[in-house]
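Have the sequence and the structure open as you read.

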Amino acid sequence: MIDNKAKYTEKIKEEAKRLGFLSCGVSKADFLEAEAPRLETWLNKNMHGEMRYMENHFDKRLDPRKLVDDSKSVVSLLLNYYPEQTQTESTFKLSKYAYGTDYHFVIKDKLKALLHFIQDEIGEVGGRAFVDSAPVLDKAWAAKSGLGWIGKHSNLLTQKVGSFYFIAELIIDLELVYDTAVTDHCGSCTACIDACPTQAITPHVVDGSKCISYFTIELKENIPSQFKGKFDDWMFGCDVCQDVCPWNRFSKPHNEPLFNPHPELLEMTKADWEEITQDTFSAVFKKSAVKRTKFKGLKRNINFLKD
């Protein structure tokens, strides 16, 4: 059985690489003991703002066995989204992860392909694919699976490729060989904390209720006026804490065509964004994650950034 576990683990990791994933790690499906008090404190301090859904399924967030019956392994996967080209200078900014096709669609297809491969190659394996769409603590599982460490900006970090990647999981009822966590390499660096335009970061904790990404994507009401002038021209999401991180010097462009932006997006100036119409929004963001905020939400964000 030991040999089979090692063989199956190797097969899964090889197929993940073939499907274009940056890396793949495996951990035992178990209760996330260290995360429980952290999550509870974060919620009690109301750092989730209006994201009330974060209060739901507390037990499921911490124990994958409550999500997938008889689950044995959490297979964590990273998919690079770092773009080759970025937006023109001095324009309203969009988080890099939202340049191309919505990652939910792209990754879900790859995960389904990986699950089918496992079932074809290994036999009757039950499981579910997760892409930021269920109560799963992605970063905690990825760290437990040895794919990186949680940086001070609370994102997963790796020495070789930084942090510009998506995290996804397969939770399956198959025992595999489990990876071990890596050590933290943030040291005394506080670049992300110092650079955050809204002071939302303390070591390893982001106060979601102060984060620009929260205001521009999750918040449905008006953005609080005390944050006027503090958004550093971000109209959807924010990459500041990642952009200033020294480890992201090692980010390399992705090779996923679906993540390439609509050509118009990279050239649009502030004036173009201010004059954006519903038709242009629909064309530029046809299958984009930006649709989450809708045309009305993006206009609200742009208006908030205007002097």
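## Cysteines

A disulfide is a pair of cysteine sulfur atoms within 2.5 Å. In general terms, a disulfide is a covalent bond joining the sulfur atoms of two cysteines. This is a predicted model, where local features need pLDDT of at least 70, side-chain atom pairs count only at pLDDT 80 or more, and totals for chains, interfaces and linings use all residues. Residues are numbered from 1 along each chain as its sequence is written, and side-chain values use heavy atoms, with hydrogens and water left out.

How many disulfides does the structure hold? The count is 0. Take C186: the closest cysteine sulfur is in C245, 6.5 Å away, so the two are too far apart for a bond. C241 has C192 as the residue with the closest cysteine sulfur, but at 6.4 Å that is too far for a bond.

Are C186 and C241 buried or exposed? Here buried means under 20% relative accessible area, exposed means over 50%, and partly exposed lies in between (1.4 Å probe, protein chains only). C186 is buried at 12% relative accessibility. C241 is buried too, at 17%.

## Salt bridges

A salt bridge is a side-chain nitrogen of Lys or Arg within 4 Å of a carboxyl oxygen of Asp or Glu. By this rule there are 15 salt bridges. One of them pairs K13 with D179, at 3.0 Å from N to O. K13 lies in helix α1 (residues 2-18) and D179 in the loop between β7 (165-172) and α6 (191-195), so the bridge ties together parts that are 166 residues apart in sequence. Helices (H or I, at least four residues) and strands (E, at least two) are DSSP runs, numbered from the N terminus. Both partners are partly exposed: K13 at 23% relative accessibility, D179 at 26%.

R52 bridges to E55, with the closest N and O atoms 2.8 Å apart. R52 is partly exposed at 38%, and E55 is partly exposed at 40%. K72 and D70 meet at 2.9 Å, N to O. K72 is partly exposed at 25%, while D70 is exposed at 53%. Salt bridges also link D30, D63 and R65 in a network.

## Negative surface patch

Which residues form a negative surface patch? They are E264, D272, E274 and E275. Patch residues have over 30% relative accessible area and no salt bridge, with like charges joined within 9 Å. Asp and Glu count as negative, Lys and Arg as positive; His and the chain ends are not counted. Each charge is placed at NZ of Lys, CZ of Arg, CG of Asp or CD of Glu. Accessible areas come from the Shrake-Rupley method with a 1.4 Å probe.

E275 sits in the loop between α10 (270-274) and α11 (278-284). E275 is exposed, at 60% relative accessibility.

Y214 belongs to helix α7 (residues 212-218). Y214 is buried, with a relative accessible area of 6%. G237 is 23 residues from Y214 along the chain, and their C-alpha atoms are separated by 7.4 Å.

K296 belongs to helix α12 (residues 294-305). K296 is exposed, with a relative accessible area of 71%. From K296 to Q278 the C-alpha distance is 8.8 Å, across 18 residues in sequence.

Conventions:
Patch = residues over 30% accessible without salt bridge, like charges linked within 9 Å, V, L, I, M, F, W, Y side chains within 5 Å.
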